[in-house]
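Here's a quick tour for anyone opening this structure for the first time. Have a look at it, then read on.

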Amino acid sequence: MYSPLGPYRDLLHAYLGPQVGLVSLLAVLLGASTALQLTGPQVLRAFIDAATAGAATAHLHRVAALFVGLALLQQAMAVLATYYSERVGWSATNALREDLTRHCLRLDLAFHKARTPGELIERIDGDVTALANFFSQFIVQVLGNVLLLAGVTVLLWGVDWRAGLSLTVFAAVSFAAMNRMRGITVPHWRRARQASADLFGFIEERLGGTEDIRANGATAYVIRQLYVPLRARILTNCRARVVGALQWGTPDLLSSFQLATSLAVILLLYRGGAITIGTAFMINYYTWLSFRPLRMITQQMEDFQKAGAGIVRIQELLTTSSVLHDPDNPRPIPNGPLAVAFDHVSFHYGGESQETAGPVLHDVSFALAPSAVLGLIGRTGSGKTTVSRLLFRLYDPSAGAVRLGGVDLRQARREDVRRRIGMVTQDVQLFRASVRDNVTFFDEAIGDGPILAALEDLGLGEWYRSLPKGLDTLLGPDGMGVSAGEAQLLAFTRVFLKDPGVVVLDEASSRLDPATERLIERAVDRLLVGRTGIIIAHRLATIRRVDEVMILEGGRLVEYGPREVLAGDPGSRLAALLRVGLEGAGDPGDGDPGDGDLGAAQHSRLLVRSP
Amino acid sequence: MAVTEVAVTEQETTSRTPGAGGQALPKPSWFLWRLIRFRPWMWTINLLAITLLIVIAMSPGLIAREFFDRLPTAATSAATGPLGLPDWLWWLCLFTVLSTVGRIALGFCLQLTNGPFMFEGAALMQKNLLAGVLQLPGARALPSSPGEAISRFREDADETPGFMMGFNDMCGGAAFAVIAMVIMLRIDAGVTLLVFLPLVAVVAVVNRARDALERYRRASREATGAVTGFIGEVMGAVQAIQVANASEQVIRHFRTLNEQRLRTAVRDRLFDQLLASVFWNTVNLGTGAILFLAAQSMRAGTFSFGDFALFSFFLGFATELTTQLGRVLSHYRRLGVSFGRMATLLGDAPPQTIVAHGPLYVRTEPPPLAPPGQGETAVAPEERLERLERLDVEGLTYRHPTSGRGITEISFSLERGTLTVITGRVGSGKTTLLQALLGLLPPDSGTVRWNGRPVTNAATFFVPPRSAYTPQVPRLFSETLGANILLGLAPAGGDTTAALRLAVLEGDVASMAEGLDTPVGAKGVRLSGGQIQRVAAARMFVRRPELLVFDDLSSALDGETERLLWQRIFERDALTGRTATVLAVSHRRAALRRADEVIVLQEGRVAARGRLDDLLATSAEMQRLWHGEPAGEDAALR
């Protein structure tokens with residue numbers, strides 16, 4: 001049978017284990033604090049018995065002072081315990097957040113395509129924060145209170161077996177009842193947390209698209225849509241709370257029976273002359289003291305169940321494994337420029353994600369020599385981007401093999417593969433972090449010198465000098481304050497700094513104006529020296545520097561060969577494309593040839609017309 | 001960058017004199033009252049239930065007093081009832097159990113009311129916040145990243161209705177205090193006053209600690225925002241990070257943010273605990289004082305054992321209530337921070353809108369959407385749906401607050417049925433010009449005229465059916481393809497098909513097994529870059545706007561698709577009798593060749609304007625943009 005405590009134990013072991021010193025200190029503080037709590041009623045008994053016996057006022061005052069002193073000491077312990085338990089709790093949950101983030105970063109794109117960043121924020125931060133209580137409070141409260149309850153029981157047995165027995169029976173019945181109740185709220189809290197994740201995922205996504213929503217007049221629509229996740233969050237949370245309240249009544253009712261029983265026991269003992277009035281007070285006080293631990297334990301069980309919902313979701317996330325696996329005995333990827341080969345590669349997006357929109361590759365084979373540059377041409381959706389994703393092993397091919405430096409990617413570690421390839425894509429993600437962190441991807445090992453050199457090479461020198469704090473200038477999210485073109489230049493900087501053996505440029509310059517594109521061309525040339533290059537383009541103008549050309553159509557390789565040979569063969573597709581121009585093909589009412597066909601004739605004409 | 005500027009605004013907001021955007025932030029109590037008025041019955045029932053519950057909870061103290069007063073006599077009296085126990089003990093036991101049953105029932109009633117109050121209150125604020133953000137200039141809507149803003153939607157919105165429940169507990173506690181006071185004053189006035197003196201001390205302590213509490217809480221929230229913001233950015237850039245093999249570096253950065261948060265959170269919590277401890281100790285000192293006093297009176301016989309039991313029970317109770325009072329007071333101080341952070345999201349809108357009442361449709365279905373042009377905007381009726389004849393832009397100026405870059409004194413005009421293309425180098429201000437024109441950024445100066453009439457509120461004016469816009473990087477939402485195109489629009493029969501064709505998307509849709517019902521994934525990630533751009537274009541076309549505004553629409557399109565797109569946009573008049581009017585940012589030749597007017601931007605100013613051929617002859621910048629490369633190299637492909 002599934003053990004409900006298994007995941008908790010594993011988490012405790014994994015995240016409290018490294019903090020064993022602090023946890024022990026916490027345990028000592030707890031023990032001391034509990035002992036102090038237990039002595040309070042003893043002091044009170046001494047006070048009452050002394051008062052009844054007519055002791056001197058000075059003696060009574062000393063006892064009263066002792067009571068106050070013990071109480072102050074106990075508070076000091078409580079403050080210390082809070083401090084350490086918070087530290088322990090936050091350290092543990094931060095480590096868990098880190099592991100979850102790392103895990104998510106290892107998961108494949110199919111996983112991320114099905115989830116919004118907002119949902120993952122809720123799962124990495126929201127769920128873990130709900131667990132924070134489990135780490136910081138649960139141990140302190142549950143252990144501390146169990147200790148207190150045990151102490152009270154032992155002391156009462158010492159006073160009289162009937163007093164001890166009644167408390168023991170009461171505690172046993174209460175725990176049995178609570179154990180029965182355990183778990184009834186977990187599914188409700190899990191639904192409530194999922195509803196929260198959905199709501200904040202929805203909001204986060206809309207917050208990222210305010211421009212689109214505003215300018216297309218969809219504000220009212222978005223608000224109307226918002227009602228659905230809002231409602232789900234309200235209803236699931238209310239239901240979880242009401243179900244939770246059902247389990248609260250039981251320990252309370254049991255307490256009232258125990259109170260009534262203790263009154264009867266005290267009366268019988270006192271009437272039999274077995275105890276003094278001071279002891280009667282003490283028994284009464286201990287009975288009351290025993291309720292608090294039970295109430296606290298119940299409350300912690302409640303929180304425990306909320307955490308349980310979080311734990312289930314965290315476990316779900318942690319056990320979601322990538323469909324990609326690193327081999328046990330990975331083969332290293334060689335140094336220097338690398339050969340790239342596709343060997344009868346077919347690919348379709350399959351499985352749970354129901355990819356129907358994505359492009360598909362059919363039996364694609366090619367071999368690119370080290371240091372050669374390949375131009376990959378095809379229309380939108382022909383499968384060009386899929387080729388680069390397979391090369392990075394973001395996916396595995398459905399059939400065939402992808403080889404880098406002669407190594408089948410499935411036989412190498414993904415980390416090694418990705419270290420040796422650099423890519424610039426059309427979409428550039430910038431972080432709300434310094435310029436330095438953005439271009440180095442937070443790699444502190446890279447000094448300022450190479451960064452500045454790369455920025456200069458790419459024509460970002462002037463932009464850099466306009467920054468108020470140089471490399472420490474904070475960039476906004478989604479590149480606030482940076483134009484899309486500048487963002488792409490920053491992406492080039494990233495690849496320059498990474499110094500890979502293969503460079504993939506996926507429509508890398510599509511957002512750049514020709515003048516700026518020109519600026520980075522020299523830099524790109526330098527980047528391609530001594531490296532294998534794959535330039536993915538839907539415009540012919542961007543593949544001037546390539547050695548070989550591959551044309552994809554509907555996921556099939558329709559042409560492959562050296563550029564010069566293909567361009568010179570009038571029957572080739574490349575030649576046909578060059579004739580009509582890929583970009584401005586058949587532009588009606590306009591005599592100009594297309595961009596791909598910028599012949600000398602056109603230029604001379606333009607030059608003539610230029611002043 | 002708007003980041004730094006907003007950070008300043010936030011400081012102002014939380015220091016509570018001027019609110020966000022110069023709007024005064026009302027006191028937290030004002031917001032709370034509005035929340036109470038939103039769900040008045042839930043709140044009232046909750047208040048009554050908790051008050052009654054706390055009053056019933058006094059009964060054990062009274063029972064204990066009765067018990068210990070009778071205990072000494074029970075030792076000598078022979079009167080016994082069932083099981084050899086006196087009748088009065090049986091009555092006390094029955095009373096004990098019954099009062100507990102009453103408490104349990106009331107506790108259930110509490111949970112029935114506080115859930116709806118808290119979550120519906122939070123939902124109201126979340127809805128108002130999202131609506132508020134969507135009213136802001138779209139390109140500068142958020143003070144920080146969406147992920148960071150989420151912490152304002154989550155923690156800050158949840159905290160405030162939760163406070164009201166704590167407040168109700170405190171009210172119940174006050175009722176208890178009054179009743180207990182009367183009972184205890186009648187027993188021993190001197191000792192009683194010593195129980196309540198600590199309460200006064202606590203209030204003073206909390207007032208002194210106010211500033212520190214606010215500071216700690218704000219630091220803790222900001223650190224939380226940094227963490228959630230970073231998770232959001234990372235999860236939005238997974239592919240880039242994987243490809244860059246940067247996971248470990250990213251995690252290291254994440255760790256420093258986490259550590260920062262740990263420090264601030266522990267400090268916040270420790271301060272909380274220290275205050276709580278002060279409350280407990282105040283009461284403990286009071287207990288000690290009572291022991292001192294009781295020592296005298298107990299020996300004198302004026303203070304019975306029962307009285308002592310009652311007092312010590314009430315003291316325990318008073319301890320909890322005093323702690324509660326302290327918590328509620330310090331929590332109240334922190335509410336100012338939360339409301340300030342939420343008000344910052346609303347920009348210049350009055351902070352009062354955070355709690356503006358409105359329907360939530362928890363138990364009913366929301367009504368259908370009003371058609372575009374009605375209810376969507378707040379413009380005068382005569383301005384609605386006016387056919388575009390001419391658009392004039394005069395002296396439009398906008399500077400990014402921190403970088404100082406932007407556009408300066410831009411003027412141009414466009415007429416119905418024309419294509420105007422804005423071109424220029426990276427960073428020359430092309431996108432800024434479109435955003436300032438459409439009200440997605442607030443212009444510093446300049447006028448925009450629609451058919452000669454000045455547009456007063458560009459942000460609400462430039463929406464369908466007047467205009468539609470596709471940003472440079474269009475955002476899709478994780479819904480179906482069709483829902484992304486329609487965004488709530490209910491178009492006439494063939495409109496969607498026509499829009500798909502115009503956007504050259506019909507072939508893609510036909511090839512998808514689920515057609516328009518295909519889910520596109522988060523940010524449309526299941527589609528290719530070109531498909532996303534064409535979905536965004538279809539989203540515009542289906543709204544049949546008078547003016548189409550594209551920012552670099554074709555950057556992910558191949559030449560053939562782009563050519564088809566332009567061709568179809570301009571053949572539209574043949575089908576519908578209407579003429580497309582287009583304003584586009586582009587540096588693509590297909591667009592430039594078609595343009596009726598090309599506007600060349602250079603460093604935020606108009607460098608040249610006119611037809612392409614003329615500009616190629618006269619403008620050095622246009623020549624550079626057109627050629628890109630020196631003559632001769634282009635022949636390399638041959």
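Let's start with a pair of strands in chain A: strand 1 (residues 340–347) of chain A and strand 4 (residues 399–404) of chain A run antiparallel, paired over five bridges. Strands pair if DSSP finds at least two bridges between them, and helices (H or I, at least four residues) and strands (E, at least two) are DSSP runs, numbered from the N terminus. One of those bridges puts A:Ala341 with A:Arg403 in strand 4 of chain A.

A word on the ground rules: this is a predicted model, where local features need pLDDT of at least 70 and side-chain atom pairs count only at pLDDT 80 or more, while totals for chains, interfaces and linings use all residues. Residues are numbered from 1 along each chain as its sequence is written, with chains lettered from A and ligands numbered from 1 in the order in which they are written.

Strand 4 of chain A also pairs with strand 5 (residues 407–408) of chain A, antiparallel again, through two bridges. Here A:Leu404 sits opposite A:Val407. The two strands make a hairpin with two residues between them, and A:Gly405 in the turn has a positive phi of about 60°.

Over in chain B, four strands build an open antiparallel sheet in the order 2-1-4-5. Its edges are strand 2 (406–415) and strand 5 (453–454) of chain B, each pairing on one side only. Here are some strand pairs side by side:

Chain B as a whole has 21 helices and ten strands. Of its 638 residues, 54% count as buried, meaning 20 or more other C-beta atoms, placed from the backbone, lie within 10 Å of a residue's own.

Back in chain A, there's a helix pair to see. Helix 7 (residues 186–207) of chain A packs on helix 9 (residues 219–246) of chain A at about 160°, with axes 8 Å apart; the axes are lines fitted to C-alpha atoms over the stretch in contact, and angles run from 0 to 180 degrees between N-to-C directions. Helix 7 and helix 9 of chain A are therefore roughly antiparallel (an angle over 145 degrees).

Technical notes: Angles under 35 degrees count as roughly parallel, over 145 as roughly antiparallel, 65 to 115 as roughly perpendicular and the rest as oblique. A residue is buried if 20 or more other C-beta atoms lie within 10 Å of its own, exposed if 12 or fewer, and partly exposed in between; C-beta atoms are placed from the backbone.
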